[in-house]
Amino acid sequence: MDPAAAKLIGAGLASIALVGAGIGIGTIFGNYLQGALRNPSAAPGQFANLLLGFALAEATGLFGLVIALIILFVF
Amino acid sequence: MPNPMHQFEIKRFIDLEFLGVDASFTNASLFMVIAIASISFMTIWGMRGRALVPTRMQSLAELSYEFVANMVRDNVGTDGQKYFPIVFSLFMFVLFCNMLGMMPYSFTVTSHIIVTFALAALVFIGVTIIGFATHGFGFFKFFVPSGVPVALLPLLVVIEVISYLTRPISLSVRLFANMMAGHTMLKVFGAFVVGLGVIGGWAPLAFMVAFTGLEILVAFLQAYVFAILTCIYLNDALHMHH
């Protein structure tokens, strides 16, 4: 296979990591909403944890994006 | 389509060499100086009145102080208060670098891995030194989880050590990747607006407006996450909770 084509395919495959980030962010916000509707008075206290979880989940997907960019621009 | 990576290019303003190391004054240095100057301006000039009823600038300085002080108190405890200055400095520096990067035509310092890795390495080395200074060689017990079968220990200790050693990498890559991905995406969609013209450009423009809002949220959130993870690592080193 042409190495340039293999590089592009590899970068595309590395971007699949964002699937996990999508599932993670959905789980975090979905569960927060579920908990918040069951006990609305406790919801504001967990808002900082919600944002922390969102940022951590989003970052794991972006690690995959970094690998895609390394494949494209470093090798 | 213009190259979306062009915005991360480092331009030299003043050529400098220090002991054989290239220490030129670049656009990255300029924006770090601007960040430090605006933080100092906000805190020093804002607190000059020391009024009981704060002015807007003073309340901004007080709010940021309170925010980080509460974060340190909640996550590290009262004996962690002596590390408040470093957490505050890290939080404000990352926050201002991220926020300055959101201005058009500016440069995002934190979108370069070397900057974030230097900050993360500072945290990692500092926390490790604090851990060994507080507990001596007992700090090695941190890598031995309690309440697990002895047969599993060799495996778990290796995993714990690896997870400890990847902390600076995950801490730096998280911030760098968020900043770089966000700014690249803004540039790509900006090119769509120009490419589709007056008739079709409205849809990506509306998306851009919403996405800029999200990016400002992410800029704050990543500074918050960086500071809170520093607090969590400090707490691990000081109290060795497991």
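Two residues are in contact here if their C-beta atoms, placed from the backbone, lie within 7 Å. The model is predicted: local features need pLDDT of at least 70, side-chain atom pairs count only at pLDDT 80 or more, and totals for chains, interfaces and linings use all residues. Residues are numbered from 1 along each chain as its sequence is written, while chains are lettered from A and ligands numbered from 1 in the order in which they are written.

**Chain B overall**

Helices (H or I, at least four residues) and strands (E, at least two) are DSSP runs, numbered from the N terminus. Chain B has seven helices and four strands, and from the N terminus its elements run β-β-β-β-α-α-α-α-α-α-α. The C-alpha trace of chain B spans about 70 × 50 × 45 Å along its principal axes. A residue is buried if 20 or more other C-beta atoms lie within 10 Å of its own, exposed if 12 or fewer, and partly exposed in between. By that count, 26% of the 242 residues of chain B are buried. Among contacts in chain B with a separation of 6 or more, 62% join residues 24 or more positions apart.

Axes are lines fitted to C-alpha atoms, for helices over the stretch in contact, and angles run from 0 to 180 degrees between N-to-C directions. Angles under 35 degrees count as roughly parallel, over 145 as roughly antiparallel, 65 to 115 as roughly perpendicular and the rest as oblique.

| Helix pair (chain B) | Angle | Axis distance |
|---|---|---|
| Helix 3 and helix 7 | about 160 degrees | 8 Å |
| Helix 6 and helix 7 | about 175 degrees | 9 Å |
| Helix 1 and helix 3 | roughly 120 degrees | within 9 Å |

Helix 3 (residues 84-101) and helix 7 (residues 202-239) of chain B are therefore roughly antiparallel to each other. Their crossing is right-handed; a crossing is left-handed if the near helix is turned anticlockwise from the far one by less than a right angle, and right-handed if clockwise. In this contact, residues of helix 3 of chain B including Val87(B), Phe91(B), Val94(B) and Asn98(B) meet residues of helix 7 of chain B including Ala219(B), Gln222(B), Ala223(B) and Phe226(B). The residues of the contact divide into 12 nonpolar, three polar and no charged. For these classes, Ala, Val, Leu, Ile, Met, Phe, Trp, Tyr, Cys and Pro count as nonpolar, Asp, Glu, Lys and Arg as charged, and the others, Gly among them, as polar.

Helix 6 and helix 7 of chain B pack at an angle of about 175 degrees, which makes helix 6 of chain B roughly antiparallel to helix 7 of chain B. The contact of these two helices holds 19 nonpolar, six polar and three charged residues.

Helix 1 and helix 3 of chain B cross at roughly 120 degrees, so helix 1 of chain B is oblique to helix 3 of chain B. This crossing, too, is right-handed. Phe31(B), Ile34(B), Ala35(B), Ser38(B) and Ile39(B) of helix 1 meet Met92(B), Phe93(B), Phe96(B), Cys97(B) and Leu100(B) of helix 3. The class count for this pair is nine nonpolar, one polar and no charged.

**The nonpolar core**

A nonpolar core is a set of buried Ala, Val, Leu, Ile, Met, Phe, Trp, Tyr and Cys residues joined through C-beta atoms within 7 Å. The largest one has 49 residues, of which Phe91(B), Val94(B), Ala177(B), Ala223(B), Phe226(B), Ala227(B) and Cys231(B) touch the most other members. The elements that each supply at least two residues of this core include helix 3 (47-73) of chain A and helix 1 (27-46), helix 2 (56-75) and helix 4 (113-135) of chain B. Helix 7 of chain B gives the most, with 13 residues. Leaving aside neighbours within four places in sequence, Val94(B) is in contact with Thr110(B), Leu175(B), Ala223(B) and Phe226(B).

**Contact between the chains**

The contact takes 10 residues from chain B and nine residues from chain A. On the side of chain B, helix 6 (167-200) and helix 7 are the elements that give two or more residues. That side has seven nonpolar, two polar and one charged residues.

Leu51(A) is in helix 3 of chain A and counts as partly exposed, with 18 C-beta neighbours inside 10 Å. Not counting residues up to four places away in sequence, Leu51(A) touches Leu221(B) and Tyr224(B). Leu51(A) and Ile71(A) are 20 residues apart in sequence and 30 Å apart in space, C-alpha to C-alpha.

**A loop residue**

Tyr105(B) lies in the loop between helix 3 and helix 4 of chain B. Although Tyr105(B) is not a glycine, it has a positive phi of about 65 degrees. Tyr105(B) is exposed, with 5 other C-beta atoms within 10 Å.
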